[in-house]
Structures are given as C-alpha cells and as structure tokens.
Amino acid sequence: MDVTAILETIWSVVNSPAIIALLAGGLLWLLNKLYAKQPLWKQYEGTIIAGIKAAEKAIPDKTENKAARRLDEALKYVLAIITEREKRLATENEKAAIAEGIQIMHADLEAKGAL
C-alpha cells in the first residue's frame, strides 16, 4: 500500500457516521464539563443578594468605612444562612469565595441600579 491509499482509508474511517457521532459526543461532554464549572458563590447567589440588601439598610451611608462594614455585614448574613441551612460551618476557602461573590454581585446590582 502506498501513502495515498493509507490516507484514504483513514479519511473514510474518520468520516464514518459512528466516528463523527463519537467525536460530537466527546465534544458535548467536554463542553458540559467546562460550562458546569461555576464559581462556588454562584450557588448562594440569592442569599448573597439578600445579604447585600440587608447590609445596605443596616449600615447608613454616613458610616466610616461603610464599604468594608457592608461587606462584613453581608458576609455574616450569608454565612449564618449557610450554617443554618447546611448544618455546618463554611471553610476558609468558601468564606473567601463568598466574599468575592458579594463584591461581584454588589457591583452588578449597583450597575443595574437595584440598590
């Protein structure tokens, strides 16, 4: 067999419906794995929004270091809900991820004018 015959055979195998379906299935599986990987705080998004709104009401605008105090207040709120709901304390990594989520959601809510 020469090189052309080998390449034609490989090409016909790769273009078979079974191989195309296998490749498409593999690609869909990979995309689902990549898409499913969301930040930890996303699962607490509703609780984070409630915590942000509660902190906005609890800490007045004239308070010194209001941003840090509001972040702390919202974080305490979210961690209390997690502790109550899941019957466990959040780990340090979870606390850091949730604090990051609070900052992201606060900026998003502020940009949308929802605060």
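Me: Where is Asn65 placed in this predicted model?
Reply: Asn65 lies in the loop between helix H3 (45-58) and helix H4 (66-86).

Me: Why is Asn65 called exposed?
Reply: The relative accessibility of Asn65 is 54%. Exposed means over 50%. Therefore Asn65 counts as exposed.

Me: What is said of phi at Asn65?
Reply: Phi of Asn65 is positive, about 55°, although Asn65 is not a glycine.

Me: Where is the place of Lys87?
Reply: Lys87 is in the loop between H4 and helix H5 (92-112). Phi of Lys87 is also a positive value, near 55°, in a residue other than glycine.

Me: Why is Lys87 exposed?
Reply: Lys87 has a relative accessible area of 71%. The cut-off for exposed is over 50%, so Lys87 is exposed.

Me: How many helices and strands are there in the protein?
Reply: There are 5 helices and 0 strands. From the N terminus on, the order is α-α-α-α-α.

Me: Why is the protein called more spread out than a compact globule?
Reply: The radius of gyration is 25 Å. The globule rule gives 13 Å for 115 residues. The value is well over the rule, so the protein is more spread out than a compact globule. Along the principal axes, the C-alpha atoms fill a box of roughly 85 × 35 × 20 Å.

Me: What percentage of the residues is buried?
Reply: Buried residues make up 21% of the 115. Buried here means under 20% relative accessible area.

Key
Residues numbered from 1 in each chain as written. Predicted model: local features only at pLDDT ≥ 70, side-chain atom pairs only at ≥ 80, totals over all residues. Heavy atoms only, no water. Helix = DSSP H or I, 4+ residues; strand = E, 2+ residues; numbered from the N terminus. Rg over C-alpha atoms; globule rule 2.2 N^0.38 Å. Buried < 20%, exposed > 50% of the residue type's maximum accessible area, 1.4 Å probe, protein only.
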